[in-house]
Structure formats: structure tokens, C-alpha cells
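Subject: Handing over a structure

Hello,

I am passing this structure on to you, and I hope you enjoy looking through it. Below you will find it, followed by notes on what turned up.

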Amino acid sequence: MKITNGVAELVGALIGDGYIYRKNRKYQIGFVGNPKTDVELFERLKELILIEWKKDAKIKVRAGGLRMVIDSKEICDFLINDLNIPHGEGKCEKVFIPEQIIYYWDLVKYTIRGIMDTDGTVFVSKKPGIEKYPTMEITTTSPVLANQLRNILLKKGFRVANIRKSKSKLSKRLAYRVPLHGKENIKKWLEKIGFSNKYKRERAINYIQ
């Protein structure tokens, strides 16, 4: 399989809020999202899956979450064997951007977009002298992925703060947060990377106006 811009974006979404299941002759790729904010994003991913992998993915709301699943041994083998994407238990802590993508900006920017669309947030916070300080942040439980993202973005001229570690009351896993503060970072993101998540794109545009 070729690694196109569309495949790179799907890999990003998979890294963010996706999973690969390969066991007992069952081969499945799935994505999980928020039914209130991610419907347009899932329509975009569904379109990419049809174009790139020739599969008609089904979008459903189940157990309060938005879900999309495709069954394919060929795609599972490509993701696991060719791209070495972790799967199964502990995937979240081990996930990383594959080397077939990370060294090529024209590809990796789409993977980073997919990660931001799924595992990123766009919000405002209070800073000394600033009531509403716009910020983008990607949260992951993989320290390798967090460092990859920070290093790539720094090389492309983004002003990336130090990675912050945190742990929520609902999870035993340590989270790593990659923060990009300020309007200039958001403007640069919109110009160089962009969003496929309409909800986050509109928030970003609103915060820089």
C-alpha cells in the first residue's frame, strides 16, 4: 500500500483515538469519537477510507460514543507489519509516528493534523494580564509520541512549550501534554497544518479574531 496524504491523516487519527484488533482470525480497525463534536470529522475519515482503502466504513453511535469500524486483514497487516503501529493492550503508551512518515513534512503534517483532530484541544486560559489566552494542546500517554510532536513542530517554527506531565483521577496512566500557546501559533497551524475537525477549526479561528 502506498502512503499518501490521506493515509498519513488516517494514521494520525488512528494514533489519536483509534485501535487495531488482530486476533483469532479477526482483523479490525476502529475509531472512537464524540458524537457532539466529531460527526464532520468522521465523515471526512469515512471518505478517506473509501478513497484510500476502498472500504465502506459504517459510523454508529454506541454506548454514548461515536464509532467507526472496518474489517480488513490486508489493512491490519499493512499498519502492523509495514508501519509497525502498536496494537492491542498498552498501545496508547507505545504509539509513535512511523519512520516511513516522520521524515517527510508533506506526509507528517497530515499525521499531525489527524492527531490534533482526535487527541488535541483548542481552548483559552487565563494568563497574567490576559483574560483569554488561546492555546492548542495535544495530550498523549506515549512519551515517544509527545517528544516526536514537539521536535517536529519546533523545527517548523512553532513555539512549543515544554511537555507537561499530568495524571487524572480517572486514569492510572501518566499523560504528556504538548502545548502551543498564543494566536501566532494558531495562525501558523491553520496555514501549515490545518484541521479536518470542523469543531476545533472553528474554535481556533474564533480565538484569533
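**Around Leu79**

Leu79 touches Val11, Leu14, Ile20, Ile29, Trp53, Asn84 and Ile85, leaving aside residues up to four places away in sequence; contact here means heavy atoms within 4.5 Å. Before going further, please note that this is a predicted model, in which local features need pLDDT of at least 70 and side-chain atom pairs count only at pLDDT 80 or more, while totals for chains, interfaces and linings use all residues. Residues are numbered from 1 along each chain as its sequence is written, and side-chain values use heavy atoms, with hydrogens and water left out.

Leu79 sits in helix α3 (residues 73-82). Helices (H or I, at least four residues) and strands (E, at least two) are DSSP runs, numbered from the N terminus. Leu79 counts as buried because its relative accessibility is 0%; buried means under 20% relative accessible area, exposed over 50%, and partly exposed in between (1.4 Å probe, protein chains only). Met1 is 78 residues away from Leu79 along the chain, and their C-alpha atoms are separated by 9.7 Å.

**The sheet**

Four strands form an open sheet in the order β1-β2-β4-β3, with antiparallel pairing; two strands pair if DSSP finds at least two bridges between them. β1 (18-23) and β3 stand at the edges with a single partner strand each, so one side of each has no neighbour in the sheet. Neighbouring strands are turned by 25° against each other on average, direction ignored. Such angles come from axes, which are lines fitted to C-alpha atoms (for helices over the stretch in contact), and run from 0 to 180 degrees between N-to-C directions.

β2 and β4 are joined by 6 bridges in the antiparallel sense. Ile29, one of the residues that Leu79 touches, has Ile70 in β4 as its bridge partner, and Val32 has Arg67 in β4. β3 and β4 also run antiparallel, with 5 bridges, and Arg62 stands opposite Gly65 in β4. These two strands, β3 and β4, form a hairpin with 2 residues between them, and Ala63 in the turn has a positive phi of about 55°.

**Helices against the sheet**

Helix α2 (residues 39-53) has 15 residues and reaches 20 Å from its first C-alpha to its last, close to the 21 Å expected at 1.5 Å a residue; the expected span is 1.5 Å times one less than the number of residues. Which residues of α2 are buried? They are Leu41, Phe42, Leu45, Leu48, Ile49 and Trp53. Seen down the axis of α2, these fall within an arc of 115°, so they line one face of the helix; the arc is that of the directions from the helix axis to the C-beta atoms. Their cover includes α1 (5-17), β2 (26-33), β3 (58-62), β4 (65-71), α3 and α6 (105-119). α2 lies across β2, β3 and β4, at about 5° to β4, and is followed by Lys54, whose phi is positive, near 55°.

α1 lies across β1 and β2, running at about 80° to β2. α1 and α6 pack at an angle of about 35°, with their axes 7 Å apart. Residues making this contact include Ala8 and Gly12 of α1 and Tyr110 and Gly114 of α6.

Best wishes
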